[in-house]
Amino acid sequence: MIFKNASRIILAMAVLGLTSCGAWQKEPVQAQPKTPVYSAKIEEPKYPDIRTPQGANQLDLESPLRCSVNWNTQQMISTIPYNLTAFNMVRNGTNDLLPRFEVTGFSFETMPAEKALLKLTKEAGIKLVAKDAPYASISAENLRGELSEVIDMITEAAEIYYTYNANNKTLRISRKANFSLYVPQSRPILLAILDVLRGAGITDFTADFDDYSITFNADYELKNQVLNLINYFEENPILIAFDVRVFTLYPHNDKDIDWQAMTSVFEFGAIKSSRTGVLGRVLTTSNDINVGTLNAFLGQQARVEPVAEGKFVVPNVWFSRFDIGKCAARTSKEADLSILAKASFEQNDKIFTDLTLESRDGEITSFDVRSKLGENFLIIGLPNGIFGVKKPKSETIVFMVPRIIKTLKTNKHLENNL
């Protein structure tokens, strides 16, 4: 119930009814109205047969940053200083101040959050709009404080967000809000954040490569996940970067590639290990097997066509995703290929990597790779039938070079770290 005097309005909840001072009369408790349902009329497109041209759809500002690798000057270990204060996540949009009401003794038991808020705000003359109700059911006893504080407690308990428009006195609640994450002005760190978001299955975001920010819609779970990633840089200053090149092989005379010949062409020990997956195999190799020597070896047995090259970054013990299609021709069948990686850098320069290759139809194969710093990965034996290509006979190989990036936080002002 609401008590009104010359200075402020006091909200409280009574068990049997509403009472008031002065001219207000006692009224019976009303049954709680159902949460209003809001719908929007969906209109047909004005020009149903007209589409954005393909050239405009294919514009990707991330490609220049991601899709170039200098294979001649690769540093196995590098250090990137960054200013810790550069990490900042802010919520976008306007949110007016709520009226200065005082709440005393507001209680409710096992009630959906939108109904609790409706009970709280209806006598204050505030309209409630529940965008994607119903929300979690919660209970509370004897909540006290300003209206804004009590609404904060209820929405945080239900893990929902709210905005208030003072002009029309409307409180809107929803599961998601729009955020911008500002990161240090370092391209590897920016790539790491983008790849981690994709590794978590989050693709609906916009990156601004000028002010080093990423804008996205997030529920409480995603927001906390991003905050955990920011906190990660405090305790785990290691990033594992992968330089990647993908080839398609068209064997001469439709014969299989003789991979066993590598053992005689290259010195003994150039191939460190071989692991079999559900499909294909992954080799760990010394740097004697690199992009140049691999091309020379394969050129004797097949027509070698480069599909894509690029790089992605994995924060220590996090998942990251590299979509080959970002760096491949849109018409390429391998453009549907993605690499999902989780990596950790251990003592004695050991790198533990879990690799999964995926297409739009799901997982293709996976490998657990144990390697040392300075060793490369070579995934072989992926027939292009997995992409629907039956003729001519062909297969895809993936060559990967892991590198270590150590981040170093500092309070000094830094110029852009390229």
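Me: Before we start, what does "buried" mean here?

Reply: Buried means under 20% relative accessible area, exposed means over 50%, and partly exposed lies in between. One thing to keep in mind is that this is a predicted model.

Me: Why is Cys327 called buried?

Reply: Cys327 has 15% relative accessibility. The cut-off is under 20%, so Cys327 counts as buried.

Me: And what makes Cys67 partly exposed?

Reply: The relative accessible area of Cys67 is 21%. Partly exposed covers the range between the buried limit of 20% and the exposed limit of 50%, so Cys67 belongs there.

Me: How do you know that Cys67 and Cys327 form a disulfide?

Reply: Their sulfur atoms are 1.9 Å apart, and a pair within 2.5 Å counts as a disulfide. A search of the whole structure finds one disulfide. The pair links distant parts of the chain, 260 residues apart. Cys67 sits in the loop between α2 and β5, and Cys327 in the loop between β19 and β20.

Me: Why is the disulfide called left-handed?

Reply: The torsion about the S-S bond of Cys67 and Cys327 is about -75 degrees, so the disulfide is left-handed.

Me: Let's turn to the strands. Why is strand β21 described as largely enclosed by the rest of the structure?

Reply: Strand β21 spans residues 350-359, and seven of its ten residues are buried, so the strand is largely enclosed by the rest of the structure.

Me: How do you know that β20 and β21 pair?

Reply: Strand β20 (residues 338-346) is joined to β21 by nine bridges, and pairing asks for at least two. The two strands run antiparallel, with Ser338 opposite Glu358 in β21. They form a hairpin with three residues between them, and Asn348 in that turn has a positive phi of about 60 degrees.

Me: What makes β22 a partner of β21 as well?

Reply: Ten bridges connect β21 to strand β22 (residues 362-372), again in the antiparallel sense. The requirement is at least two bridges.

Me: Now the inside of the protein. What makes a set of residues a nonpolar core, and which residues have the most contacts inside the largest one?

Reply: The members must be buried nonpolar residues joined through side-chain atoms within 4.5 Å. The largest core has 37 residues, and those with the most contacts inside it are Leu181, Ile193, Ile214, Phe216, Phe233 and Leu239. Elements giving two or more residues to this core include β12, β14 and α6, while α5 gives the most, with eight residues. Ile214 touches Phe179, Leu190, Ile193 and Phe205, among others. Apart from this core lies another, of 33 residues, among them Val244, Ala308, Ile324 and Ala341.

Me: How do you know that the side chain of Thr170 makes a polar contact with Asn168?

Reply: The contact between the side chains of Thr170 and Asn168 is at 3.0 Å, and the cut-off for such a pair of N or O atoms is within 3.5 Å. Beyond its neighbours within four places in sequence, Thr170 is in contact with Lys127, Val129, Thr163, Tyr164 and Asn165.

Note on methods: Residues are numbered from 1 along each chain as its sequence is written. This is a predicted model: local features need pLDDT of at least 70, side-chain atom pairs count only at pLDDT 80 or more; totals for chains, interfaces and linings use all residues. Side-chain values use heavy atoms; hydrogens and water are left out. Buried means under 20% relative accessible area, exposed over 50%, partly exposed in between (1.4 Å probe, protein chains only). Helices (H or I, at least four residues) and strands (E, at least two) are DSSP runs, numbered from the N terminus. Contact means heavy atoms within 4.5 Å. A polar contact is a pair of N or O atoms within 3.5 Å; within protein, one must be able to donate a hydrogen and the other to accept it, and residues adjacent in sequence count only if both atoms are side-chain atoms.
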